[in-house]
Amino acid sequence: MDPTKLILCKVRESKEDIFNPLIATATQMGCILFLSHVFYLFLKPLGQPGPIAQILAGVVLSPSLLSRITRVEEFFIQTSSEGYYSVFSFFFRAIIMFLMGLEVDKCFVKRNLHKARIIACGAVMGCAILGAASSFLIMHVLRIHQKHVIFAMVFIMVVTNSASPLLFRVVIDMKLDNSNVGRLAICVSLMMEISLVLLFTIVEFFMKEKSFHLFLLFSFSTALLVIVNRHLVPWVNTWNPKEKYLTNPEVLCFCLPVLILAMSNENFGFSNIVPCFIIGLTFPREGKVARTLLRKFTYPVYEFILPIFYGYIGFQFNIQAIQHINHMIAVVLIVVVSLGAKIIGTLAACCFLKIPRNEAFFLACILNFKGNAAFLLIDVTKGSRTWWGPEVRHLLLAAMVINTLISGFIASYLLRKEEKYFAHSLTALEFHSTDSELRLLACVYTSHHASGAISLISASSGSKGTPITPQLVHLVELRKNHKAKLMYHQLEDGEEFSDEETYGGDDVLEINDLIDVFTKQSKVLIRPSKLVSPLTNLHQEMCSIAENSRVSILFLPFHKHQRIDGRLENSNEGIRTTNQKVLRHAPCSVGILVDRRQSGFQIPHGSESVQQVATLFFGGPDDREALALSKWISMHPQVNLTVVRFLAAPMNKQHLIDNASTKNHEILMSISTHETENERDNSFLEDFCNRYVVSGEVEYLEKQTSNGAETLAALKDMVDKYSLFVVGKGKRDSPITTGMNDWEECPELGIVGDLLASSEFQINASILVIQKHVHLDRSLLDS
């Protein structure tokens, strides 16, 4: 039924309907949401994603179970309800595809387009070959005697289909949305579904003899809306600079053209999947327009629209359609062919790309989810003379639901079995190549912290084209005595009541402005978010975000800020306590920035002057991690990096004999460890020099000192030359730092970092202290 007519005209209720179909539809949605939450409580401990529970909730309400009861069937299944289902499906499909396009990681797609294309082609070829070969057997089993070619084409496309919205949500629930395999699966699924919809459109041209001019008209309309958005959004971002988000009427102005275009496509028989996705994909991501749309759509789509959408898929499952042995054989064949074809095609493509077999099996299973386009294909000629009866339709729907549930169970099993393999492994930078994606997370409390954090993100972004995915989290302390200042009826017109938005104050607006300015200058997109939590639990939330985001390094602000006179003053002791907890429990490397924004390191992007940065290398895993981060910093065109290695001056022979006679036992126990660390230091530094120093990108210096006093003097000679010092926290004692920690104030910065950050040490530069992540048993961290 045409959704446009349903919206503009009142749907006439049939005389056979006992209840209002709109009430029945709303009640069904509420039951699906309730049952899906109940099922999820039991399935989540088993590793099952939310969409599986939502599909099962729809199956329970379907004619297979509860709707077999006469009274329930009369309430849920009415002749006029189909029109409401069509309207809701239309709106849900348009919103889902627009949001998916808005959330797709375009940088990842560009880097992995070739790989995704090969996997998609392999899966499609496998499904096409096996689907064509088995379609004749299925037609024989189902006794289809007409329209063989059309049925074979529809069957092949249904088997080939991969439901990208369903897969997208499953990947998020499995916490793989930031992993390479999860994002690759999303790219492949989108390619397959978009290609399938386009092929489906071409088939309809020949089946229904539609005008090609309409297709060109809608394509031109989509392109025109994309161009308008590209020019309109940057202009709207400059409106009302004191407002955090757009107002509801302004949001409606951006949504209405998309809905009108989608309704026009549906009205003339075209699917709105492709235009809505393209508009979302090309929508500018910078500024408060994109932030507002994500904020408006994300929660209702993930918590209400998608669960209802998946539940309706399960609701169409009707076990009563499988009445004969031939029906059962046909359903089993469809499920086996669909899953087997995806596995064979995906395995062949992954073998060509040298992707591990366990990843290939997992990709094949989650690419086998059905929904969205597959159900549109099954209904492509529903009610016309070319369809093969409701019996075949119900069998195909039942096979698609069973196929999705089985694929979900297998994917969850593979994920639990290979949990360590699919877990995040790049938790440190030492063995991280600059050619691979750098994922980092910066945490800030105020807009002053945000300036320093964005400076680090700017420096770490390297040269143009360096793969980097930065995130910035605004940390807000949740106080026990917090109360909303205004009641709902006291809000001004157009203002929304959201208790969460009162947290953070004006810092939110200033942080967003800093991010927008940086994104405009550098074209590096920062993903902002906000975390509201009590200080006692803040470190746990931060570590959880870092683990789920699969970052390699986490940047934290120092608990002191720079005063006008240049000295550091304590801001909040709670920040220091949180930093210490994060250093103990972090799932990745950690960097603490002592930001002297008045005289220290500035944002390299947009700066006319070149920033001078020094990496101090004393030896050890933390210093190697600091040097590893310096690889990205050295690639930035507005940064000159100097690596300064401190070495112990050679001792005379008599001193060595005396020292050995007094500390012989300590030397015997530590000599093996020190030699191993020294070998690692030399090897890593040698590789770094061969790559960056020999080519002239980095300057290298060596300083020999005998004790802490000489090291301190060497550091004082350097303080006026650089705007940023990068140094490892350090854990082992060294002769060249002896006595430097006698007046230790902040042990979380290490010996050298604490010295450089002290008020007595006259320095104008910022300091970044790095601690390398060490893999430890999680139970030891919790104890």
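Colleague: How many disulfides does the structure hold?
Modeller: The structure holds zero disulfides, where a disulfide is a pair of cysteine sulfur atoms within 2.5 Å. This is a predicted model, in which local features need pLDDT of at least 70 and side-chain atom pairs count only at pLDDT 80 or more, while totals for chains, interfaces and linings use all residues. Residues are numbered from 1 along each chain as its sequence is written, and side-chain values use heavy atoms, with hydrogens and water left out.

Colleague: Is Cys253 buried or exposed?
Modeller: Cys253 has a relative accessible area of 55%, so it counts as exposed, given that buried means under 20%, exposed over 50% and partly exposed in between, with a 1.4 Å probe and protein chains only. Cys31, at 25% relative accessibility, counts as partly exposed.

Colleague: Changing topic, at what angle do H7 and H15 cross?
Modeller: The axes of helix H7 (residues 113-142) and helix H15 (residues 325-353) cross at roughly 155° and come within 7 Å; axes are lines fitted to C-alpha atoms, for helices over the stretch in contact, and angles run from 0 to 180 degrees between N-to-C directions. That makes H7 roughly antiparallel to H15, since angles under 35 degrees count as roughly parallel, over 145 as roughly antiparallel, 65 to 115 as roughly perpendicular and the rest as oblique.

Colleague: And how much of the protein chain is buried?
Modeller: Of the 783 residues in the protein chain, 53% are buried.

Terms used: Helix = DSSP H or I, 4+ residues; strand = E, 2+ residues; numbered from the N terminus.
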